[in-house]
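Have the sequence and the 3D view ready as you read.

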Amino acid sequence: MLENLFRRTADEAVLLNYTTHPFVSRQVGHSNYYEARIIARALHDHGYRVDILDFFDDTPVDCARYRLIFGFGHAFEQSFAASSTAAPRRIYYATGAHVSYQNPAEIDRVRIVNHRHGVRLMPQRVVPWCWSLSTSFSDALVVLGNDWTASTYRPFTDAPIHTLDATALFNPDADRIHRDPTQRPLGLLWFGARGFVHKGLDVCLEYAASEPDVMLHVCAAEEAEFMRAFAPYFRLPNVLFHGHVDVRSAAFVRIVAQCTCCILPSCSEGQSTSLLTAMATGLIPIGTTSTGVDIARLGILMDDISVDSVARSVAAVRALPPQEIRDRDHGLRQHCRIFHSPGRFNENVRALLARYVP
């Protein structure tokens, strides 16, 4: 635990039960680096001492000494089991879809892929903790995502549920990216993290195998079992696997400059920051409702997670006039700067906390 993070002299304390990484490292690997620091600073500015505890840390904590617990994790869940007349106010911070939705969604996808391809892959993103008391008995829930994300929690609570837009990661040279909307082959970016089946890379690879006039760029750290199972697809001349790419790098700029759209046929997200990060460079998003991004308004919404749905979505992009593609490129960059910047996240968090923190 990081106690009294800001070394503040105050009578009352709050516990941020989330992640300690952003406070002990300067390595920015995920947008939660900024988000956690913003939340902590906002709590500090309300006049409290701020303690930080990792969500997976199961060290016993006397939660009764806190005025507020914000986040999720073992300490948050155990706070409900402790009988106390001075129970803290609790705000559950949901960074993904409800576990009762997410886990079955990934398991079902893996079963489908194993049957279709005759392989024995295993789920990669199953959440081992239910935290049912937290999601049902908290005073409020703050969901990182949109109305779809919030809908996965509504069956389990009658507390207020607030949605919060996630932050994108921004490349400092993104404004220098210039694309030719008539270029061929059409560039398609799959940019994701662990859980290639969860995030629908399999259907993107199958589509690329059937459509040589599309260049599929894959940016992610290696996932060995999946890559062995789909090895023939990764050897296709129109599939380029770049490995992990730092979004702040010149390499990322070179890759996205060759693409017109980004795709994420995910079965479950809170709000996909990888999709937002790609959109922030002007790429038209193709994705499912369960990305937690308002795809129907901002890009091309997939009917389901299938090769046919990928094909229909890419065809819809190809049917757009070049000027509309240019306009969408500019509009998506503007949208992400306005709604998914750290500055906007800071404003939204402070507005939410003002409703619950004295």
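Helix 15 (residues 342-356) gives the most to the lining of the largest cavity, with 3 residues. Helices here are DSSP runs of H or I with at least four residues, strands are runs of E with at least two, and both are numbered from the N terminus. A cavity is a set of points on a 1 Å grid over the protein atoms alone where a 1.4 Å probe fits but cannot get out, and lining residues have an atom within 4 Å of a point. The lining consists of Ile-39, Phe-70, Tyr-93, Val-142, Leu-164, Val-349, Leu-352 and Leu-353. By class, that makes 8 nonpolar residues, with no polar and no charged ones. In this scheme, Ala, Val, Leu, Ile, Met, Phe, Trp, Tyr, Cys and Pro count as nonpolar, Asp, Glu, Lys and Arg as charged, and the others, Gly among them, as polar. The volume of the largest cavity is about 40 Å³, where a volume is the space filled by probe spheres set on the points, and grid points are joined across faces, edges and corners.

Before going on, a word about the model. It is predicted, so local features need pLDDT of at least 70 and side-chain atom pairs count only at pLDDT 80 or more, while totals for chains, interfaces and linings use all residues. Residues are numbered from 1 along each chain as its sequence is written, and side-chain values use heavy atoms, leaving out hydrogens and water.

Residues Arg-109, Val-113, Arg-116 and His-117 of helix 4 meet Asp-202, Val-203 and Glu-206 of helix 7; contact means heavy atoms within 4.5 Å. Sorted by class, the residues of this contact are 2 nonpolar, 1 polar and 4 charged.

Now for some spots in the backbone. The peptide bond from Arg-184 to Pro-185 is cis, with omega near 0°. Pro-185 sits in the loop between strand 6 (161-164) and strand 7 (186-191). Trp-131, in the loop between helix 4 and helix 5 (132-137), has a positive phi near 50° although it is a residue other than glycine. Is Trp-131 buried or exposed? Trp-131 counts as buried because its relative accessible area is 9%; buried means under 20%, exposed over 50% and partly exposed in between, using a 1.4 Å probe and protein chains only. Asn-4, in the segment before strand 1 (13-18), also has a positive phi, of about 45°.

How values were computed
On a 1 Å grid over the protein atoms alone, a cavity is a set of points where a 1.4 Å probe fits but cannot get out, and a pocket is an open set with protein on both sides within 12 Å along at least five of seven lines; lining residues have an atom within 4 Å of a point.
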